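Q: I'm new to reading protein models. Could you walk me through this one, feature by feature?

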Amino acid sequence: IISKLPRVGTTIFTTMSTLANEHNAINLSQGFPNFPSDPKLTELVSNAMNNGYNQYAPMLGVLQLREAIAVKFHKLYATSYLPESEIVVTSGATQAIYTAISAFIGPDDEVIVFDPAYDCYKPAVTVNGGKAISIQLTHPDYHVNWNEVQNAINERTKMIIINTPQNPSGSTFSKEDMQQLERLVKDSNIIVLSDEVYEHMVYDGATHQSACLFPGLKERTLITASFGKTFHNTGWKVGYCCGPQELMKEFIKVHQFTVFCVNHPVQIALAQYLEDDTHYLYLPEFFQKKRDLFLDAISGSRFTFKPTKATYFQSVSYDAISQDGDQDFAKELTTKYGVVSIPLSVFNANQLDFKALRFCFAKTDETLLKAAEILNKI
Ligand code: PMP
Ligand code: GLN
């Protein structure tokens, strides 16, 4: 067998969550909440099931949900997407990303990706015959050097993938960053894939700079999002992709033969739940409190950090504790101390190691305090 992904093994999320279970350790690795989704929402799902929404959904998604997504774009970003042709409900953001890449990337096409990059981008490019070109964000502030991006662009560059707020670093692109990107792609055929799954988790009064706010980006960008992240139910795997009609036309051709359609009762429930925008507007305050509780609790430890700007991940440096590689240190932290994290080097080309770990703080206060108590003793 000739492997299409010879260098790909099991993802770090599976690896670390498995290790967490084996050692009965506190799992701050894989990004999922350990508290329940709103009972109002789960009730809407069971109502939808009881009301007979148990067969295939429409291929593009339940229209009422696509309309609700369009309303959200209008409210938050004063911009419009057509529910009939510019919004598709997907099986999580992961499927949206894979489908978008498959729809546009073929042999020898180049795709620019910013490291540390979330793990599903590069394999999707490779499997389709393309070449991922990594650009390293600076450490520890995770800024982009836009001259480097300009120099990386050539006639083979077909796509640039951005992720703001960024997983795993918790950094964001500023308005100026987005304007720089807009300037670089304006007169080109480059498609932008903007992964915005953490759009509602931005802290300290900052606002999310969605690609749809910049006209020169919006016209060439596919945006991906995840209800699992927004509504604390990562196991439901429902998200969406939206973009201009001519790009979505190609996206839909691939979508219909990968999943065809997505979980029907969950879509019905989400459409109803989205009628109340407070269900996502409370998120910055909710998660900022968790971030601050966790950081306050580990402020006396030997881990060093800058408060994360966004996402529900905090990266910390363990430079003062150990000079071991981050994958070894993360394993030791699990097996010896019982707290599980994600080592950041796995998201960098050549596993560039800054001796940093990512902790997920989408956990109950009790879990965060218990983990902090251990981290303080290391
Ligand atoms: N993009 C990023 C940056 C993520 O962190 C995740 C994980 N939630 C995804 C995409 C995938 O989202 P989903 O679980 O909806 O497939
Ligand atoms: N997005 C989640 C994280 O960053 C992981 C999802 C997965 O396991 N693939 O932790």
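Q: How many residues of domain 1 are in contact with residues of domain 2?

A: A word on the ground rules before that. This is a predicted model, so to speak of local features we need pLDDT of at least 70, and side-chain atom pairs count only at pLDDT 80 or more, while totals for chains, interfaces and linings use all residues. Residues are numbered from 1 along each chain as its sequence is written, and chains are lettered from A and ligands numbered from 1 in the order in which they are written.

A: Now the contacts. Two residues are in contact if their C-beta atoms, placed from the backbone, lie within 7 Å. Here 23 residues of domain 1 touch 23 residues of domain 2. On the domain 1 side, α13 (283-297) and β9 (313-317) each give two or more residues. The largest share, five residues, comes from α13.

Q: What does UniProt place at residues 25-373?

A: UniProt positions are given in the numbering used here, feature names are shortened, and annotations may be inferred rather than shown by experiment. The record, an unreviewed entry, has the feature "domain: Aminotransferase class I/classII large" there. Over that stretch, the chain is 39% helix and 15% strand, and the end C-alpha atoms are 13 Å apart.

Q: Which residues are the closest to ligand 1?

A: The general idea is a distance test: a residue is near a molecule or strand if its C-beta atom, placed from the backbone, lies within 6 Å of it. By that test 15 residues surround ligand 1, and the closest are Gly92, Ala93, Thr94, Asn167 and Ser226. The elements giving two or more residues to this shell are α4 (92-104) and α9 (227-230). With three residues, α4 gives the most.

Q: How do the residues around ligand 1 divide by class?

A: For classes, Ala, Val, Leu, Ile, Met, Phe, Trp, Tyr, Cys and Pro count as nonpolar, Asp, Glu, Lys and Arg as charged, and the others, Gly among them, as polar. The ligand 1 shell has three nonpolar, nine polar and three charged residues.

Q: Which residues are around ligand 2?

A: They are Thr11, Phe13, Gln30, Gly31 and Asn167. By class, that makes one nonpolar, four polar and no charged residues.

Q: Which residues of helix α15 are buried?

A: A residue is buried if 20 or more other C-beta atoms lie within 10 Å of its own, exposed if 12 or fewer, and partly exposed in between; the C-beta atoms are placed from the backbone. In α15 (residues 365-375), the buried ones are Leu368, Ala371, Ala372 and Leu375. Looking down the axis of α15, these fall within an arc of 100°, so they line one face of the helix. The arc is that of the directions from the helix axis to the C-beta atoms. They pack against β1 (26-27), α13 and β10 (339-340).

Q: Where are the buried and the exposed residues of α7?

A: Met178, Leu181, Glu182, Leu184 and Val185 are the buried residues of α7 (residues 175-185). They cover an arc of only 165° around the axis, which puts them on the same side of α7. The face turned away from that side carries the exposed residues Lys175 and Glu176. Among what covers the buried residues are α6 (146-152) and β5 (157-163).

Q: Where are the cis peptide bonds from His139 to Pro140 and from Asn167 to Pro168?

A: Pro140 lies in the loop between β4 (131-136) and α6, and omega of its bond from His139 is near 5°. Pro168 lies in the loop between β5 and α7, with omega about 15° for the bond joining Asn167 and Pro168.

Q: Is Asp204 buried or exposed?

A: Asp204 is exposed because it has 11 other C-beta atoms within 10 Å. Its phi is positive, about 60°, although Asp204 is not a glycine.

Terms used: Helices (H or I, at least four residues) and strands (E, at least two) are DSSP runs, numbered from the N terminus.
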